[in-house]
Amino acid sequence: MAANTSSKTPVTLLGLGAMGTALARTWLAAGHPLTVWNRTPARADALVGAGAKASGAVAEAVAASTLVVVCLLDDASVGEALDGVDLTGKDLVNLTTTTPAQARARAEWAAGRGARYLDGGIMAVPPMVGVPEAGGYVFYSGAAGLFEEHRETLAVPVGTRYVGADAGHAALHDVALLSGMYGMFAGVHHAFALLRKEDIDPVEFAPLLADWLAAMAQGVHLTADQLRSGDYTKGVVSSLGMQVAGTPTFLATAEQQGVSTELLRPYFDLMARRLAEADGDEDLTGVVELLVR
């Protein structure tokens with residue numbers, strides 16, 4: 001039985017990569033009239049079979065709906081795709097991965113063309129889209145009223161989290177979380193490298209590592225509290241001085257295991273710099289100040 005589309009907000013979606021296609025399928029399944037465009041038209045074929053309307057031109061697709069969602073490769077692709085397209089009266093939601101500065105500039109660009117603008121940072125991979133229990137969501141930033149107006153529709157594929165009127169804040173939250181993720185991955189890869197030449201099963205070691213990282217992750221709350229208060233000695237369990245004193249052991253172990261120290265050494269160098277400049281009784285939080293230029 002076809003979903004009832006009579007009361008559903010029409011959506012135009014530009015971009016049918018893996019993420020765009022996943023978004024499209026969930027809006028269709030929820031009964032939203034959907035118009036799609038992609039640079040390679042054949043990618044729309046399966047969606048057309050599921051009820052979407054494909055447009056051969058961006059201008060035609062944009063004209064079909066007030067709500068226009070963009071999910072392209074990068075900011076340059078957005079500008080290229082929408083070059084010369086009439087955006088007057090459109091609500092443009094940009095889910096393309098960009099920098100905060102690009103998001104702010106794109107918001108001004110959209111306003112200059114008569115459109116309202118929301119920027120989005122997707123915290124999910126395509127298999128998580130349309131699966132509420134997977135925990136995916138999208139950060140949104142821009143006008144609060146515009147977000148509220150489209151909240152229900154935007155929440156169909158994955159959850160929504162509004163992070164403020166500054167159009168750059170969705171991208172900033174996105175990149176900040178992903179930066180933390182890559183730092184964690186670096187530590188994970190170093191840990192496995194230390195074991196690589198030993199008779200230690202990585203599959204058996206993995207639960208130990210995962211549990212340890214989960215326990216240590218709670219430290220982000222203390223870091224945040226210290227940053228807010230400005231007191232980096234608050235609640236310290238392992239002082240900066242003590243931790244710096246222990247770093248030679250980690251470096252020596254890596255050398256002895258035939259493992260490069262290139263992932264650890266930059267952070268250890270920052271710790272040593274902070275110790276030379278500040279109170280050795282404080283936590284590692286002061287390293288943040290060395291990173292801010």
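Modeller: Start with the crossing itself: H10 passes H11 in a left-handed sense. Bear in mind that this is a predicted model. Helix H10 covers residues 240-256 and helix H11 covers residues 265-277. Their axes lie 10 Å apart, and the packing angle is about 150°.

Now the side of H10 that makes the contact. Leu-240, Gly-241, Gln-243, Val-244, Thr-247, Phe-250 and Leu-251 come from H10. They meet Arg-265, Phe-268, Met-271, Ala-272, Arg-274 and Leu-275 of H11. By class, the contact of H10 with H11 has 8 nonpolar, 3 polar and 2 charged residues.

Helix H7 (residues 169-195) and helix H8 (residues 202-217) have axes that come within 11 Å. They cross at roughly 145°. Here the crossing of H7 past H8 is right-handed. H7 brings Met-184, Val-188, Ala-191, Phe-192 and Leu-195. H8 answers with Pro-202, Phe-205, Ala-206, Leu-209 and Leu-213. This contact of H7 with H8 holds 10 nonpolar residues, with no polar and no charged ones.

Next, the setting. The protein has 12 helices and 8 strands. Its C-alpha trace spans about 65 × 45 × 30 Å along the principal axes. Of its 293 residues, 40% count as buried. Take the contacts between residues at least 6 apart in sequence: 59% of them join residues at least 24 apart.

The strands form an open sheet of 8, with mixed pairing. Read across, the order is S3-S2-S1-S4-S5-S6-S7-S8. Strand S3 (53-54) and strand S8 (159-162) are the edges, each pairing on one side only. S8 pairs with strand S7 (residues 137-142) in the parallel sense, over 4 bridges. Within that pair, Val-138 stands opposite Thr-160 of S8.

Helix H1 (residues 18-29) lies across strand S1 (11-14), strand S2 (34-37), strand S4 (67-70) and strand S6 (116-123). H1 runs at about 165° to S1. Helix H5 (residues 100-112) lies across strand S5 (91-94) and S6, at about 150° to S6.

Look at Val-93 on its own. Beyond residues up to four places away in sequence, Val-93 touches Leu-67, Val-68, Val-69, Val-70, Leu-118, Tyr-140 and Leu-154.

Ala-24 is found in helix H1. Why does Ala-24 count as buried? Its relative accessible area is 0%, and the cut-off for buried is under 20%. Leaving aside neighbours within four places in sequence, Ala-24 is in contact with Leu-13, Leu-16, Leu-34 and Leu-47. Ala-24 and Ala-44 are 20 residues apart in sequence, with their C-alpha atoms 9.8 Å apart in space.

Two loop positions deserve a look as well. Pro-157 lies in the loop between H6 and S8. Pro-157 counts as buried because its relative accessible area is 4%. Pro-126 sits 31 residues from Pro-157 along the chain, yet their C-alpha atoms are separated by 10.0 Å.

Ser-65 is in the loop between helix H3 (58-63) and S4. Ser-65 is buried too, with a relative accessible area of 4%. Not counting residues up to four places away in sequence, Ser-65 touches Pro-10, Val-11, Thr-12, Thr-35 and Lys-90.

Terms used:
Residues numbered from 1 in each chain as written. Predicted model: local features only at pLDDT ≥ 70, side-chain atom pairs only at ≥ 80, totals over all residues. Heavy atoms only, no water. Pairing = 2+ DSSP bridges. Contact = heavy atoms within 4.5 Å. Axes fitted to C-alpha atoms, helices over the stretch in contact; angles between N-to-C directions. Left-handed = near helix turned anticlockwise from the far one by under 90°. Nonpolar A, V, L, I, M, F, W, Y, C, P; charged D, E, K, R; others polar. Buried < 20%, exposed > 50% of the residue type's maximum accessible area, 1.4 Å probe, protein only.
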